[in-house]
Amino acid sequence: QVQLVESGGGLVQAGGSLRVSCEVSGLLFSNYAMAWFRQVPGKEREVVGTVNWSGANTDYIDSVKGRFTISKDNNRNMGTLQMNSLKPEDTAVYYCAARAGAPKREISEYVFWGQGTQVTVSS
């Protein structure tokens, strides 16, 4: 049974930092790309960024470039989203997702999802 379990969300003031982790089990993590998505109530889920199977290649949406960092540790079966210089508009539920093969930005490309963790940035 494949499981992705996020942890580390919470409340932070604008300008602060948070780290969200995604522990993966039930699949050979080194064969999978990972993505982070976020969703605000009433809006569509959007991609934040992706990382390839090895963790060497990452891709981010423009609004988080230079502030967010995605990493992947295949030895620990763990993916991480480090968020710095947070802004109120980063407030959302954050999800990790995994897919075999190359990373993609499209939601429909991902089969395995975490349950989501709330990140709230106060102004």
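1. Strands here are DSSP runs of at least two residues, numbered from the N terminus. In this predicted model, the protein has zero helices and 11 strands, and read from the N terminus on, its elements run β-β-β-β-β-β-β-β-β-β-β. The radius of gyration of the protein is 13 Å, close to the 14 Å that the globule rule gives for 123 residues, so the protein is as compact as a globular protein of that length.

2. Along its principal axes the C-alpha trace spans about 40 × 30 × 25 Å, and 43% of the 123 residues of the protein count as buried.

3. Where does Ser17 lie? Ser17 is placed in the loop between β2, which covers residues 10–13, and β3, which covers residues 18–25. With a relative accessible area of 39%, Ser17 is partly exposed, because its value falls between the 20% under which a residue is buried and the 50% over which a residue is exposed.

4. Which residue has a side chain joined to that of Ser17 by a polar contact of 2.9 Å? The partner is Asn84, and although Ser17 and Asn84 are 67 residues apart in sequence, their C-alpha atoms are 4.4 Å apart in space. Leaving aside neighbours within four places in sequence, Ser17 is in contact with Val12, Gln82, Met83, Asn84, Ser85 and Leu86.

5. Ser85, one of the residues in contact with Ser17, has its place in the loop between β8 and β9, the latter covering residues 92–100. Its phi is near 50°, a positive value in a residue other than glycine, and at 41% relative accessibility Ser85 counts as partly exposed.

6. Leu18 has its place in strand β3, and at 15% relative accessibility it counts as buried, because the cut-off for a buried residue is under 20%. Not counting residues up to four places away in sequence, Leu18 touches Gly8, Gly10, Val12, Leu81, Gln82, Met83, Leu86 and Val119. For Leu18 and Gln82, the separation is 64 residues in sequence and 6.2 Å in space, taken from C-alpha to C-alpha.

7. Is Phe29 buried or exposed? Phe29 is found in the loop between β3 and β4, the latter covering residues 32–39, and it is buried, with a relative accessible area of 1%. Beyond its neighbours within four places in sequence, Phe29 is in contact with Val24, Met34, Lys72, Asp73, Asn74, Asn77, Met78 and Gly79. Phe29 and Ala100 are 71 residues apart in sequence, while their C-alpha atoms are 8.9 Å apart in space.

8. Asn77, which is among the contacts of Phe29, lies in the loop between β7 and β8, where β8 covers residues 78–83. The phi of Asn77 is near 55°, which is a positive value in a residue other than glycine, and at 25% relative accessibility Asn77 counts as partly exposed.

9. Ser71 lies in strand β7, which covers residues 68–73, and it is partly exposed, with a relative accessible area of 35%. Leaving aside neighbours within four places in sequence, Ser71 is in contact with Met78, Gly79 and Thr80. Ser71 and Leu81 are 10 residues apart in sequence, and from C-alpha to C-alpha they are 6.6 Å apart in space.

10. Which strand holds Thr50? Thr50 is found in strand β5, which covers residues 46–51, and at 4% relative accessibility it counts as buried. Not counting residues up to four places away in sequence, Thr50 touches Met34, Ala35, Asn57, Thr58, Asp59, Ile70, Pro103, Lys104 and Tyr110. Met34 is listed among these residues and also among the contacts of Phe29.

Technical notes:
Residues numbered from 1 in each chain as written. Predicted model: local features only at pLDDT ≥ 70, side-chain atom pairs only at ≥ 80, totals over all residues. Heavy atoms only, no water. Helix = DSSP H or I, 4+ residues; strand = E, 2+ residues; numbered from the N terminus. Buried < 20%, exposed > 50% of the residue type's maximum accessible area, 1.4 Å probe, protein only. Contact = heavy atoms within 4.5 Å. Polar contact = N/O pair within 3.5 Å; in protein donor to acceptor, adjacent residues only side chain to side chain. Rg over C-alpha atoms; globule rule 2.2 N^0.38 Å.
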